[in-house]
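Good morning, and thank you for coming.

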2 protein chains.
Amino acid sequence: MSLRRAHIVYILFILICTQTFAEDGSQLWLRFEKVSAEISAKRTIKTKSVDPTVLLAKQELEDYWKGNNVELLIDRKLTKLKDGFKITSSGSKLQIVANKPAGLLYAAYHILQKQNEGAEITHYNVEEIPSYDIRILNHWDNLDRTVERGYAGYSLWKWAELPQVLSPRYEEYARANASIGINATVLNNVNASPQILTPEYLTKVKALADIFRKYGIKVYLSVNFSSPKVIGGLENSDPLNKDVQLWWKNKVKEIYQLIPDFGGFLVKANSEGQPGPQDYGRTHADGANMLADAIKPYSGMIMWRAFVYNPTKEDRAKQAYQEFVPLDGQFRDNVIIQIKNGPIDFQPREPFTPLFGAMRNTAQMVEFQITQEYLGFSNHLVYLAPLFKETLDSDAYADGAGTTIAKITDGTVRKISKSAIAGVANIGEDVNWTGHHFAQANWFAFGKLAWNHQLSSEDIAKEWLKLTFTKDETFVKDVTDMMLTSRETVVNYMMPLGLHHIFAFDHHYGPEPWGNMPGGRADWMPWYYHNANEKGVGFNRTTSGSNAVVQYNEPLRSLFNDIQTCPENLILWFHHVSWDHKMKSGLTLWEEICTHYDRGVQDVRAYQRLWDKMESYVDAQRFKEIQSKLKIQIKDAVWWKDACLLYFQTFSRKPIPYYIERPIHELEELKKIKLPLKHHN
Amino acid sequence: MSLRRAHIVYILFILICTQTFAEDGSQLWLRFEKVSAEISAKRTIKTKSVDPTVLLAKQELEDYWKGNNVELLIDRKLTKLKDGFKITSSGSKLQIVANKPAGLLYAAYHILQKQNEGAEITHYNVEEIPSYDIRILNHWDNLDRTVERGYAGYSLWKWAELPQVLSPRYEEYARANASIGINATVLNNVNASPQILTPEYLTKVKALADIFRKYGIKVYLSVNFSSPKVIGGLENSDPLNKDVQLWWKNKVKEIYQLIPDFGGFLVKANSEGQPGPQDYGRTHADGANMLADAIKPYSGMIMWRAFVYNPTKEDRAKQAYQEFVPLDGQFRDNVIIQIKNGPIDFQPREPFTPLFGAMRNTAQMVEFQITQEYLGFSNHLVYLAPLFKETLDSDAYADGAGTTIAKITDGTVRKISKSAIAGVANIGEDVNWTGHHFAQANWFAFGKLAWNHQLSSEDIAKEWLKLTFTKDETFVKDVTDMMLTSRETVVNYMMPLGLHHIFAFDHHYGPEPWGNMPGGRADWMPWYYHNANEKGVGFNRTTSGSNAVVQYNEPLRSLFNDIQTCPENLILWFHHVSWDHKMKSGLTLWEEICTHYDRGVQDVRAYQRLWDKMESYVDAQRFKEIQSKLKIQIKDAVWWKDACLLYFQTFSRKPIPYYIERPIHELEELKKIKLPLKHHN
């Protein structure tokens, strides 16, 4: 080879390597390698089924499976598997059995993931039965393609082009969801446009449903309770109005003619200005049941949101409970009450919503927020599995000790016709789907926990890291540590010790504990939540205050009510605490607050260092993009710390302990910051 | 006392305390307490002199001296004292003797300062003879009241109002200078407007001189070499033109008729666009001598600046030497060559200008820059005494070992008709005079070192702190530590290891190592100075490079020339050094650079902490203002570190060592920063 040719070969080699090594995150955790013809010839993937989902499972294995022969079987008797699967190996063969076609698809992704994680897959025996029947994403996507609280670009759904043009990303989306067991999706924002139910839009919805079906994913829609009036031309939308009932009946029929496996409706009613049955003096039960009756013949579901609160003098944290508990037992069996994990609104940390422990004769489901509305958008690295687990593992003491929210919602405690769990999606049209590469982990973790809420945050993180980046042990160990602590870190630098909702108005990105709008709703003002004054800080929800504690079952009620027993990570949620209150650490409350904020900052600095050390393990593009996000995160963490400490210091009038990194901002300068952010992308 | 009255008294007490405790820095280090009538009645301040300066000294002691009786004596025989003084105590009396009236005034301030520092003053014996005859400030003040490189507001001199209106600050200024031994001032910018020599402006100058005289301060003026042509209407300003010589003769006469004790002229000629003798093919000596001859009859001085360089291919650092050394011995004895401490331009660290060791038959003086053109303006806390001392104590080896710049310039090595030292003032009309409260220390330190260059930076810092803030030992000890390290800190976060002039263009505030203006003068571009490439960084001034080392006397020449012996704090000044070069620490050059930048940042963080701890020792206003400046400084330090490390990393292609705080900025984002700063206030 001449020197010149060698030179060209060398350049080509470099180009190829660089290209192979450059990743943009678009493949998510599905970075499977195509099998070679050689391997392909050696093993067989067999099935007798001709179901499209089973054939899809077969094709995925044909393309990527490097192990033994596989046989895919449907066994209609094995109903106890639900849409899970059982894998047994004998000799050189893996046999996969499922009750439903989707089970085989899940199993296919299961073993492909194990293969990519480097697990032993020659002899592999496992049975997987999902924790929840319905594992659903909520897209807060508007029809104009903005996404409420979306931080990954515009909506995936290109409504204007549908149904004629079908973006390849629709199928990629379905595949990604199926690969982690998600089997349902609400396409549009809970603040729903009535237009979604027009024939024009329903044909667009049908186009998406047709793509998703093969992947085992059912489509749901958010509906506007006023639809009969707005698009039906009726006089009103009163649920007891026969015309209204008929309108819904016909609309449901129309939908099922287009989409026979349509999932159902999600409804945000009489909440934050949305219409609802109360507009006509009816109850939430009246509204939900009317829809439930219309959809019942098709086995459809109504997911009715409990996120309601009004600007009354009553503590906002108490209102959902007060509104819904009296309705317990009145809902149809195809209605499920969708309850946010915490009683306020997806804060960095909240206690669980007491409604979970209180409605004993009503199906309930948890709504988590995967998109980081209150957690630094797609700029901050925050792994949410620990937050999800914290709620699911919380003991509501509904039937004595051990009545965790997981057991209440998955049907263990009381049988539920269909159990469900929802996550507000963090997905947009960004190349990497979620804005922050690590935000993919939250989509992944939601799916994994919806499938099996017994999984540990750590195992999920490790699995995701191996699939998404590399199996290298050092990398996986160190980065797992970062992920696992990241939620506590954001709590620390944003609002530790039970502080909540001291965000900048409307966009909820930065700090604004001083926020106030004369004449505005008190329950949208930070001071409503922190109540800082010269004596102390925190929301008194004890018996001497708003008495929100009474909504919790014993022993929680007494535990939360007593400042000595209240968990310190919620102390300012339940108590107005003196600046000088001695904490368990021996520090005063003021010192403890300062210490938490500083720990948050120092931990982000540690994440920066850790990530920089990982440079050699990661492709250049994703390394750099994550490094850049961490730079934003550290600046924001310092901003949060300085803003909150300097502001609260105007009340505590105590020095910030000297062992803490000093503020670099002036309070007055921070108060002037007004970010030009909307509440959607 | 009723409760109500007690309450009012309490409030009044608080008000008085608060007011007493609020300070704005306007009093500088002159926070003397008026003596009570009781003390005043007990002791006498006597003098036979009726000289206004002596009477002023007497008055200051009458007002503030709490000690024994004082007698003030002039002894014209004691010429060896120069304008110093001798204090002896016998019994209950202090006797102060001086050769000149100003000496008694300096002595008065000396004992008042000792009194305020809490020193033993009952039995006090001391003799003080100043190191330099002329201790002069250079104001770079323009006639429109802007101040070139001024960061403390507009000029003190209100030219428009003069001579009719006399601001009380003129006398305060004179008093402050006298209190630290400064006895001369150049009122206007070296980039001089010819207008200053018009009769209109000379009457204004006279008004200031009349105020300053009592304080022992002589006025000097910067003159524009083209004045004869511009305001005299002559054909040219050629120094060999008889008409020109006559014009200057007459102008000098006119000045001395107004101001009999006028000091002389400061001249920036043929430098950065200023006119000069070279415009007519004459030398600097021709120009300086022509002016010297004109002013000689009045004992006036010509201070002729050596700061000259042209955009030739020759290393800028070599040009002043090349221009002036051939003229050695040609200057009149009332000409003194004013030389900046370093060969480039007041950088955070430079080696001394080799001219100091080379002109053996020419009077020389050092020009320091008190104003922080290259040291963070009045935003950064940088105590400059260590920088001043570093130059003064440098051994130039002009007559073998021990020929320090202090000894060359103070007349020890070779007799000088009048020795002098200049500092470019950092004073403006800000309430606290210098913008940063700690910048007062640099004015103070310049005066103290001009008086006695043997003083240590530490002693000056302690004295200044006691006078300016408090005598409390903890405060003085801790804050002295901060001050003493602060210059090295700014070197570390701006340009360690001999890096220089990588500032943002024109305003010289932030970093701009990438700075370039196609077609611009190379010697105004950062790359000209840092020469970073993939191999290394630094300016090769060795024998294999620009050979600037040859301008230094042995053993410095060899010491600087050899990378193994070159002091590491100047290594990149003299060498282009490989990124992998092993430093004395064992680190590579790249690691060492990173470590220095980080140390700079961490040290500023430590200053923040230290200052915050001092809250109880300091009045609220100055505490807060200094705290705020430190916040700017830490942000700037991080900015500098990130900008320089991220930029140099594009050449070194090595990771920033992981023990170092990670960058929080993106290089591309930093490159976009364009500050709307002018080069004057």
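I shall speak about the relation between the chains, then one arginine, then a group of strands.

This is a predicted model, in which local features need pLDDT of at least 70 and side-chain atom pairs count only at pLDDT 80 or more, while totals for chains, interfaces and linings use all residues. Residues are numbered from 1 along each chain as its sequence is written, chains are lettered from A and ligands numbered from 1 in the order written, and side-chain values use heavy atoms, without hydrogens or water.

Chain B superposes on chain A by a rotation of 180° with 0.1 Å of shift along the axis, at an RMSD of 0.0 Å, fitted by least squares on C-alpha atoms of residues with pLDDT of at least 70 in both copies. That is the relation of a two-fold axis. In chain B, the C-alpha of B:K635 comes closest to this axis, at 5.5 Å.

Next, is B:R541 buried or exposed? B:R541 is buried, at 0% relative accessible area; buried means under 20%, exposed over 50% and partly exposed in between, with a 1.4 Å probe on protein chains only. Its contacts (heavy atoms within 4.5 Å) include B:D315, B:Y529 and B:F574.

Finally, the strands, which are DSSP runs of E of at least two residues, numbered from the N terminus. Strands pair if DSSP finds at least two bridges between them. In chain B, β1 (45–47) and β2 (69–74) run parallel, joined by three bridges, and B:K46 has B:E71 as its partner.

Methods: Helix = DSSP H or I, 4+ residues; strand = E, 2+ residues; numbered from the N terminus. Lists of a residue's contacts leave out its neighbours within four places in sequence.
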